[in-house]
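This note concerns the pockets and the overall build of the structure shown here.

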Amino acid sequence: RRKQEISTETLFQKIKAGDKTALSQGITLIESHTAQAQQKAAELIEKCLPFANRSFRIGITGVPGVGKSTFIEAFGGHLADAGKKVAVLAVDPTSTVSRGSILGDKTRMETLVNHENAFIRPSPSGDSLGGVAKKTRETIILCEAAGFDTLLIETVGVGQSETTVHSMTDFFLLLKLAGAGDELQGIKRGIMEMADAIVINKADGENLKPARQARSEFRRALHLYPAKDSQWQPKVLLCSALKKTGIEEVWDLMKEFEELVKENGYFNSNRQAQNKFWMLQTIDEHLRNRFYRHPEIKKLLPEQLKALEKNETTPFEAAAHLLEKYRSL
Ligand code: GDP
């Protein structure tokens with residue numbers, strides 16, 4: 001019980017000192033729904049903000065089974081061993097019921113979980129991707145204030161979750177498998193375009209040859225995309241998360257990227273653009289919720305949809321009618 005009475009100032013001091021228990025408590029506040037917790041969370045975020053923004057944020061995606069957790073364990077472990085402070089977060093909009101279906105399973109990333117330089121937090125639950133994303137954005141601030149300098153943000157390719165993670169990270173990594181035959185066709189539109197690196201995992205044993213072939217195919221495919229604003233030419237690498245080969249190369253690549261974009265100004269301009277995007281996104285979501293959750297609109301919307309079905313109105317007339325009603329409420 002006493003834990004809950006801890007003041008936000010004390011919590012902030014502990015977080016700033018790198019206390020992982022305090023960090024977890026802070027994140028729990030962010031994820032809570034009560035007004036009191038939300039108020040405390042807002043205070044805490046404000047205190048942490050001046051100490052945030054100092055990390056390199058890496059988004060990692062790939063279909064289930066591609067080896068994301070094995071890769072994060074190997075890659076994160078490598079960085080943590082080298083003295084980096086690594087925080088692993090997840091964005092999983094499907095984790096509403098089974099809280100944190102990715103990263104939730106504690107048997108995954110066993111070594112990393114216990115590494116003194118690592119911190120792992122499963123995906124927040126939420127009724128919308130927007131809600132989950134907001135909590136993750138705020139959690140990033142707390143992790144950075146706690147001194148975590150390398151953030152790994154995992155997502156599965158559900159709905160818009162990849163785009164969401166892309167819009168809160170500096171570097172976007174796509175994990176792929178070779179040997180599935182039509183590798184290039186299986187990729188959602190736009191994902192290739194977002195990727196700063198494609199890493200073909202499980203490049204070990206009999207898989208090595210097909211992995212090399214896939215690497216050539218992806219390289220050719222990437223060349224067909226227009227140049228990025230970052231001026232970075234996306235790269236294709238091989239790795240085995242299981243055998244821990246190719247891990248160092250992935251990190252070298254990211255360092256190369258970081259150097260380029262800090263030099264050419266993209267790193268900062270991209271973060272500025274992301275901040276603006278998230279502000280506008282938050283307003284959008286708020287306005288939309290207020291509209292759709294209004295009891296009067298809840299009543300009138302089905303009527304207008306019915307009228308539309310019967311051709312008694314046009315989409316625009318119906319929309320104008322509802323918006324007019326809402327304005328007068
Ligand atoms: P996730 O669903 O993307 O998180 O994938 P997991 O990390 O759970 O891995 C799925 C399966 O692939 C597990 O059985 C892993 O042991 C295996 N796996 C992951 N990485 C490698 C690798 O580099 N080589 C091989 N051979 N197997 C791997």
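**Note on pockets and overall form**

1. By class, the lining of the largest pocket has 15 polar, eight charged and five nonpolar residues. Nonpolar here covers Ala, Val, Leu, Ile, Met, Phe, Trp, Tyr, Cys and Pro, charged covers Asp, Glu, Lys and Arg, and the others, Gly among them, count as polar.

2. The model is predicted: local features need pLDDT of at least 70 and side-chain atom pairs count only at pLDDT 80 or more, whereas totals for chains, interfaces and linings use all residues. Residues are numbered from 1 along each chain as its sequence is written, and side-chain values use heavy atoms, with hydrogens and water left out.

3. The largest pocket holds about 730 Å³ of space. A pocket is an open set of points on a 1 Å grid over the protein atoms alone, where a 1.4 Å probe fits, with protein on both sides within 12 Å along at least five of seven lines; lining residues have an atom within 4 Å of a point. Grid points are joined across faces, edges and corners, and the volume is the space filled by probe spheres set on the points.

4. The largest pocket is lined by 28 residues, of which Ser128, Gly130, Gly131, Lys134 and Glu285 are the closest to its centre. Helices H6 (129-145), H7 (161-166) and H11 (266-293) are the elements that give two or more residues to this lining. H11 gives the most, with ten residues.

5. The second largest pocket has a volume of about 560 Å³. Leu49, Arg137, Ile141, Asn275 and Trp278 are the closest to its centre among its 18 lining residues. H6 and H11 each supply at least two residues of this lining, and the largest share, nine residues, comes from H11.

6. The secondary structure comes to 13 helices and seven strands, taken as DSSP runs numbered from the N terminus (helices: H or I, at least four residues; strands: E, at least two). The radius of gyration is 22 Å, close to the 20 Å that the globule rule gives for 329 residues, so the protein is as compact as a globular protein of that length. The radius is taken over C-alpha atoms, and the rule is 2.2 Å times the number of residues to the power 0.38.

7. Of the 329 residues, 47% count as buried, that is, under 20% relative accessible area (1.4 Å probe, protein chains only).

How values were computed
Buried < 20%, exposed > 50% of the residue type's maximum accessible area, 1.4 Å probe, protein only.
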